[in-house]
Amino acid sequence: MKRLITIVTGLILISYILIAGYRFTPPFFKHSFAGRVTNKVNGILGFGILFDKLKSLTGTSASYRFYQDGKWEEKKLLLEPLFNDYRATGNLTSLKHCRLDSHLVAGIHKIAKRNGIEKMKQSKVYNEFIDHLIYSHNKNIRPDSLEVFYYIKNYDADTMHLALNFKVKP
Amino acid sequence: MDRFLTDFQKYIENHFFYDKNIIWFRRCVYSLLLIKMLFIWPEISMFYRHAISVRTGSFMPHKLIFLPIVHHYYKLYWFIACLILILSLFYKKNRWLYIAVFIVSINYIFIANKATNSGDGLLNFLIFMLIFVREGASKYSINQMINNALLILIQVYFCLFYLSNAFGKIIKPLWRSGDYFKHAWNLYYYANPSFIPHWFFNPTLQFITAWSVMIFEFIFPVLIWFKPYKKPLLAIGILFHFGIAILLSLPDFGLTMAIVYILFYDFKQTPDNDLSGSAISDSN
């Protein structure tokens with residue numbers, strides 16, 4: 001029995017090394033079946049490199065406004081109030097909420113950039129985002145119309161440029 | 001091959017962990033999950049609503065929470081889940097309770113879907129491993145060897161995590177030049193300007209900080225196994241992870257990593273937690 005435990009431990013250790021080294025494997029391995037399985041396990045185990053990609057260092061900002069009661073309401077920031085609440089009070093829920101919103105809005109921007117706004121509007125991520133925006137940021141009241149703005153920071157010029165903007169009647 | 005396996009087996013058997021390490025490690029891991037679950041409570045409706053739009057329920061234990069019948073009772077489910085966690089802090093050696101905690105942990109990951117980070121994945125992995133770890137294993141027993149094997153696997157996992165991060169960083173020019181911090185300190189929703197001192201924006205200090213991080217991540221997995229280096233490395237590591245938790249707004253990730261340090265710490269030997277007599281000597 002002890003020998004069996006030793007062998008299983010050894011095998012797990014070897015697989016650890018393979019999983020941990022996944023990011024440094026050549027592209028052909030990453031595209032293979034073994035590579036995809038390793039990537040999946042890598043994600044489940046939480047192996048990852050923090051902020052090693054330029055993309056993860058991109059500063060973004062999002063805002064929205066609703067058209068209801070016959071007028072456009074003032075534009076509101078989506079992420080800053082949540083993050084500022086976390087900063088001020090240490091409320092982890094606000095931080096998690098901020099991460100969720102940030103993930104959703106970045107998701108629709110990715111699809112819009114790749115496939116255009118029309119395709120984005122047909123996607124599941126888009127439906128999730130709009131549904132979440134109405135539920136969490138408008139007390140689940142469906143507005144007549146809404147507009148979303150997504151900005152990306154240009155570090156060199158220290159400016160923000162509008163990367164995505166759309167209006168929709170939900 | 002047989003000789004190698006014998007040596008490896010001896011290493012596992014002799015690399016014992018005190019009960020105090022196991023008990024505190026378990027308490028801290030479960031407490032962190034409980035804290036995260038309590039924090040999420042005020043917004044549970046929002047997270048649950050979002051989670052059921054991407055998940056479907058089944059009679060598998062970890063997906064019970066998404067069954068349509070539970071849609072009206074998810075707050076009660078969350079309350080019971082928190083109670084399970086509180087119970088697990090006090091009841092020892094109850095494997096069913098440990099399994100229930102793991103199911104709760106998966107529920108948490110599903111509920112906080114898309115708002116999770118690698119800290120949640122790591123915590124879930126630790127909770128899974130803790131199902132099989134048993135406090136008070138008797139000397140020379142199989143249980144003690146299983147404990148050792150699992151806890152060594154967690155330690156090695158942790159060291160590999162550092163090594164892969166160190167390699168991942170050192171191959172990036174952004175890290176080698178220290179410019180990473182120029183971006184990171186301006187990164188919205190991560191960098192916490194309330195705590196970042198002004199002198200952290202100095203390019204020379206950014207360069208020094210970047211290399212200090214990479215050197216630490218390289219030397220920790222190598223030197224932590226040698227007793228004279230343990231305490232200084234653990235002290236630096238705790239500062240490092242608290243720094244990540246506060247400055248980069250990753251409190252759950254930073255705390256999870258810091259909790260793993262309990263396994264590396266040598267608690268002062270007392271008759272209660274001294275298992276050294278169970279170590280199998282080379283002559284055996």
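Two residues are in contact if their C-beta atoms, placed from the backbone, lie within 7 Å. The exercises below apply this to a predicted model.

**Exercise 1.** Determine which residues Val101(B) is in contact with, leaving aside its neighbours within four places in sequence, and whether Val101(B) is buried or exposed.

*Solution.* 
Step 1. Locate the residue: Val101(B) belongs to helix H5 of chain B, which covers residues 95-111.
Step 2. List the partners: once neighbours within four places are set aside, Val101(B) contacts Tyr30(B), Ile84(B), Leu85(B), Ser88(B) and Ile127(B).
Step 3. Apply the cut-off: a residue is buried if 20 or more other C-beta atoms lie within 10 Å of its own. Val101(B) has 25 C-beta neighbours inside 10 Å and therefore counts as buried.

**Exercise 2.** Describe the largest nonpolar core and state which residues have the most contacts inside it.

*Solution.* 
Step 1. The largest nonpolar core contains 83 residues, and Val29(B), Leu33(B), Leu85(B) and Ile259(B) have the most contacts inside it.
Step 2. Helix H7 of chain B (residues 142-170) provides the largest share of this core, with 11 residues.
Step 3. Another core, of 7 residues, lies apart from it; its members include Trp175(B), Ala184(B), Ala210(B) and Val213(B).
Step 4. Consider Leu33(B): beyond its neighbours within four places in sequence, its contacts are Leu85(B), Ser105(B), Tyr108(B), Leu123(B) and Ile127(B).

**Exercise 3.** Characterise the side of chain A that touches chain B.

*Solution.* 
Step 1. Contact between the chains involves 50 residues of chain A and 47 residues of chain B.
Step 2. In chain A, the elements that each supply at least two residues to this side are helices H1 (2-20), H3 (33-45), H4 (80-89), H5 (92-115) and H7 (124-137), together with strand E1 (60-68).
Step 3. This side of chain A has 26 nonpolar, 15 polar and 9 charged residues.

Key:
Residues are numbered from 1 along each chain as its sequence is written. Chains are lettered from A and ligands numbered from 1 in the order in which they are written. This is a predicted model: local features need pLDDT of at least 70, side-chain atom pairs count only at pLDDT 80 or more; totals for chains, interfaces and linings use all residues. Helices (H or I, at least four residues) and strands (E, at least two) are DSSP runs, numbered from the N terminus. Ala, Val, Leu, Ile, Met, Phe, Trp, Tyr, Cys and Pro count as nonpolar, Asp, Glu, Lys and Arg as charged, and the others, Gly among them, as polar. A nonpolar core is a set of buried Ala, Val, Leu, Ile, Met, Phe, Trp, Tyr and Cys residues joined through C-beta atoms within 7 Å. A residue is buried if 20 or more other C-beta atoms lie within 10 Å of its own, exposed if 12 or fewer, and partly exposed in between; C-beta atoms are placed from the backbone.
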